[in-house]
Amino acid sequence: MILKKNKLKEYREKDKMTQEKLALRTGVTRQTIISIESGKYTPSLPLALKFGRIFHCNVEDLFN
Amino acid sequence: MWKIYLIKMEQKTRITLKYAWVFGFILLGIILNYLNVGGSEFVGFTSVGSWLIYVGFMGVFIITLQTIFKKKRQTDERMEFIATKALKITFLFLIIGAFVLMIIDGIKTIIIPYHMFMSYMICVLLVIYFISYKFLIWRN
């Protein structure tokens, strides 16, 4: 299943965080962050939970 | 389970296993040559044993180069996902290829030594895997 729309970019920009920094914090490559933001790749549950922890929000807020 | 163990295996253990594998080739080659088994020409070599020794030494050379020059690469879940997808595509090609070859063989018998056929097949599968992996990485 591919989730075309997500608010990852929105949350990242709100936190003034670069894609590089977010990739470093979640332990993935920058290309993966780009793919998730553009809706080409759906992250796994552990990775989605990491995003939620970093941005202090629920996974459902990030991914519809 | 086995895959997870291989991923988590320590680098040193992995290198030791690789060396053990290629030294096994060399040893088997020496034994076969000593016992004079498989003396006919094999893939351009004088015997199967000589070919195994050659493959073993090539393996030692490649593993040594890898150990010296290998960079630490970061792999993540997306890359693993793409690798699995590429593997599935390669397997599909194998099935379709085998089916096509069966038909071709039925029309006109394929006269090619078994070892040559297998070496061609392995090369083709590696190329298909490489191309599909690169294509999927580019698309995603």
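Is N36(B) buried or exposed, and why? N36(B) counts as exposed, because 9 C-beta neighbours lie inside 10 Å. The terms work like this: buried means 20 or more other C-beta atoms within 10 Å of the residue's own, exposed means 12 or fewer, partly exposed is in between, and C-beta atoms are placed from the backbone.

Hello everyone, and a quick word on what we are looking at. This is a predicted model, where local features need pLDDT of at least 70, side-chain atom pairs count only at pLDDT 80 or more, and totals for chains, interfaces and linings use all residues. Residues are numbered from 1 along each chain as its sequence is written, while chains are lettered from A and ligands numbered from 1 in the order in which they are written.

Let's stay with N36(B) for a moment. N36(B) is not a glycine, yet its phi is positive, about 55°. You will find N36(B) in the loop between α2 and α3 of chain B. Helices here are DSSP runs of H or I with at least four residues, strands are runs of E with at least two, and both are numbered from the N terminus.

G39(B) sits in the loop between α2 (11-34) and α3 (48-69) of chain B. With 14 C-beta neighbours inside 10 Å, G39(B) counts as partly exposed. From G39(B) to I68(B) is 29 residues in sequence and 36 Å in space, C-alpha to C-alpha.

Now let's step back to the whole of chain B. How many helices and strands does chain B have? There are 5 helices and 0 strands. Chain B has a radius of gyration of 19 Å, well over the 14 Å that the globule rule gives for 140 residues, so chain B is more spread out than a compact globule. That radius is taken over C-alpha atoms, and the rule is 2.2 Å times the number of residues to the power 0.38. The C-alpha trace of chain B spans about 50 × 45 × 25 Å along its principal axes, and buried residues make up 9% of the 140 residues.

Next, please find helix α4 of chain B, residues 77-107. This helix has 31 residues and reaches 45 Å from its first C-alpha to its last, close to the 45 Å expected at 1.5 Å a residue; the expected span is 1.5 Å times one less than the number of residues. R78(B), I82(B) and A86(B) are buried in α4(B). An α-helix has 3.6 residues a turn, so residues three or four places apart point the same way. The buried residues of α4(B) pack against α3 of chain A together with α5 (114-139) of chain B.

That brings us to chain A. Its largest nonpolar core has 9 residues, including L8(A), I36(A) and F51(A). Such a core is a set of buried Ala, Val, Leu, Ile, Met, Phe, Trp, Tyr and Cys residues joined through C-beta atoms within 7 Å. Leaving aside neighbours within four places in sequence, I36(A) is in contact with N6(A), L8(A), Y41(A) and P43(A), where contact means C-beta atoms, placed from the backbone, within 7 Å.

Finally, H56(A) is in the loop between α4 and α5 (59-62) of chain A. H56(A) has a positive phi of about 50° although it is not a glycine, and H56(A) is exposed, with 9 other C-beta atoms within 10 Å.

Definitions and conventions:
Two residues are in contact if their C-beta atoms, placed from the backbone, lie within 7 Å.
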